[in-house]
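Hello,

Here is the structure I promised to pass on to you. Please open it alongside this message, and my notes follow below.

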Amino acid sequence: MPQTNINRRLVLFPVPLQGHINPMLQLASILHSQGFSITVIHTHFNSPAESKHPHFTFIPISDGLSPAEASTEDIISLLTLLNSNCVTPFRDALGGLLADGPIACLITDALWHFSQSVSDGFGIPRIVLRTGSVSSFLAYAAYPILREKGYLPKQGHINPMLQLASILHSRGFSITIIHTHFNSPAKSKHPYFTFLSISHGLSPTGASRDDVVSFLTQLNSDCVAPFRDCLAGLLEDGPIACLITDANWYFSQSVADGFGIPRIVLRTSSVSSFLVYAALPMLREKGYLPKQGHINPMLQLASILHSRGFSTTIIHTHFNSPAKSKHPHFTFLPISHGFSPAGASQDDVVSFLTQLNSDCVAPLRDCLAGLLEDGPIACLITDAIWHFSQSVADGVGIPRIVLRTSSVSSFLVYAALPMLREKGYLPKQGFSFICL
């Protein structure tokens with residue numbers, strides 16, 4: 001390889017999730033077009049399509065995942081395992097590449113927490129690619145002020161555990177608390193407990209960061225060995241009746257199983273979060289996610305307008321039609337949506353909405369024309385996702401109001417887009433922009 005090409009050699013390391021792989025490969029394509037030589041290190045799990053990128057060199061590494069672990073829907077647990085299992089394979093792959101010549105820069109996904117220490121060990125500059133949306137940046141930016149104002153309790157996991165420990169102690173149980181040095185509990189307030197601290201492996205910068213997902217992922221990686229050693233030391237003094245851990249310590253089940261200790265999980269989240277998690281499978285199965293987030297707000301608005309004396313007619317698709325029996329004062333008119341049962345159940349929301357916006361133009365226009373034969377319509381109110389409806393309303397001379405059902409954060413995102421494009425943070429229209 002020519003020396004000039006070696007000096008422009010880049011190594012990219014995406015997290016093996018589609019919302020992370022695609023942006024990394026898009027960045028790689030841009031860099032390659034500028035003359036850089038691209039090497040992509042990737043896991044066997046969910047590996048990228050090499051045939052679509054013939055100009056890149058792909059190097060697979062072991063991820064150490066079992067079939068069960070690779071199929072989990074617990075993303076934080078998956079990322080924790082990957083950050084633990086991939087350290088040595090990644091270091092070895094990088095070392096092999098360096099044997100062929102220098103590397104100008106290492107570009108890794110922000111969720112590869114260990115990669116900074118590996119790049120430091122080899123003396124390679126590292127750049128982080130964050131694939132999260134603009135709204136996630138706003139959320140992270142808001143964390144310090146939310147904590148400062150007391151909206152997010154720092155001790156939201158420690159205090160409930162100590163309260164449970166106090167109840168169990170009052171029932172005659174001997175209590176030992178294993179905790180990290182970071183944000184350790186106030187021992188003086190609990191003189192009847194034994195406290196054992198373990199290393200968390202966090203730098204002062206890492207310990208204070210506000211990216212909670214990254215923070216928990218790193219903790220779950222760094223605390224495995226110290227926790228196992230601490231538990232082994234306790235077992236030398238006698239058996240342990242039960243291990244009670246926070247639900248966010250994902251590795252603790254395997255450690256408890258290794259020692260043959262029963263484990264109980266304490267969930268410190270609110271009752272509402274339990275109801276949400278419990279309802280998710282049923283909601284997905286029935287197809288209420290994500291579409292009901294648009295139907296319900298529209299029906300709520302209709303109820304308010306009806307209470308003000310307006311006559312309300314709801315035009316809706318046959319697919320996922322609203323519950324008419326709950327709204328006896330409205331007139332419901334179904335229209336054809338034009339797609340097959342397979343199309344109606346697809347998980348690609350963007351494709352789904354694109355097809356709806358194509359198939360529903362004529363049916364909506366015909367339905368609206370039929371209503372106009374019975375008299376004038378004061379206003380048409382449509383969801384913001386019905387992009388074609390403005391031209392239909394203009395065609396029949398009806399004023400149109402748009403209902404946006406998205407969150408406040410999405411408004412902030414939309415408001416920020418022009419500025420971000422102007423400053424060059426978002427690629428021009430010639431490129432696709434993918435966020436997760």
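Helix α11 (residues 224-235) and helix α12 (residues 252-259) have axes that come within 11 Å and cross at roughly 30°. That angle is under 35 degrees, so α11 is roughly parallel to α12. The crossing of α11 past α12 is right-handed. On the α11 side, the residues that meet α12 are Val224, Phe227, Arg228, Leu231, Ala232 and Leu235, and their partners in α12 are Ser252, Val255 and Phe259. By type, the residues of this contact of α11 with α12 divide into seven nonpolar, one polar and one charged. Before going further, please keep in mind that this is a predicted model.

Another pair to look at is helix α5 (residues 87-98) with helix α6 (residues 115-122), whose axes come within 11 Å and cross at roughly 30°. With the cut-off for roughly parallel set at angles under 35 degrees, α5 and α6 are therefore roughly parallel to each other. α5 passes α6 in a right-handed crossing. Phe90, Arg91, Leu94, Gly95 and Leu98 of α5 make the contact with Ser115, Val118 and Phe122 of α6. The residues of the contact of α5 with α6 comprise five nonpolar, two polar and one charged.

Now for a couple of buried residues. Leu12 sits in strand β1 (residues 9-13). How buried is Leu12? Its relative accessible area is 0%, and buried means under 20%, so Leu12 counts as buried. Setting aside neighbours within four places in sequence, Leu12 is in contact with Met24, Ala28, Ile38, Thr39, Val40, Ile41 and Ile107.

Asn83 belongs to helix α4 (residues 75-85). With a relative accessible area of 2%, Asn83 is buried. Which residues does Asn83 touch, not counting those up to four places away in sequence? They are Leu111, Trp112, His113, Phe114, Thr217 and Ser221.

If you check backbone angles, there are two asparagines to visit. Asn46 has a positive phi, near 50°, and is a residue other than glycine. You will find Asn46 in the loop between β2 (37-43) and β3 (57-61).

At 16% relative accessibility, Asn320 counts as buried.

Finally, a word on cysteines. How many disulfides does the structure hold? The number is zero. Of the cysteines, I can give you the accessibility of Cys105 and Cys379. Cys105 counts as buried at 10% relative accessibility, whereas Cys379, with a relative accessible area of 29%, is partly exposed.

Happy browsing, and do write back with any questions.

Best wishes

Notes. Residues numbered from 1 in each chain as written. Predicted model: local features only at pLDDT ≥ 70, side-chain atom pairs only at ≥ 80, totals over all residues. Heavy atoms only, no water. Disulfide = S-S within 2.5 Å. Buried < 20%, exposed > 50% of the residue type's maximum accessible area, 1.4 Å probe, protein only. Axes fitted to C-alpha atoms, helices over the stretch in contact; angles between N-to-C directions. Helix = DSSP H or I, 4+ residues; strand = E, 2+ residues; numbered from the N terminus. Parallel < 35°, antiparallel > 145°, perpendicular 65-115°, else oblique. Left-handed = near helix turned anticlockwise from the far one by under 90°. Contact = heavy atoms within 4.5 Å. Nonpolar A, V, L, I, M, F, W, Y, C, P; charged D, E, K, R; others polar.
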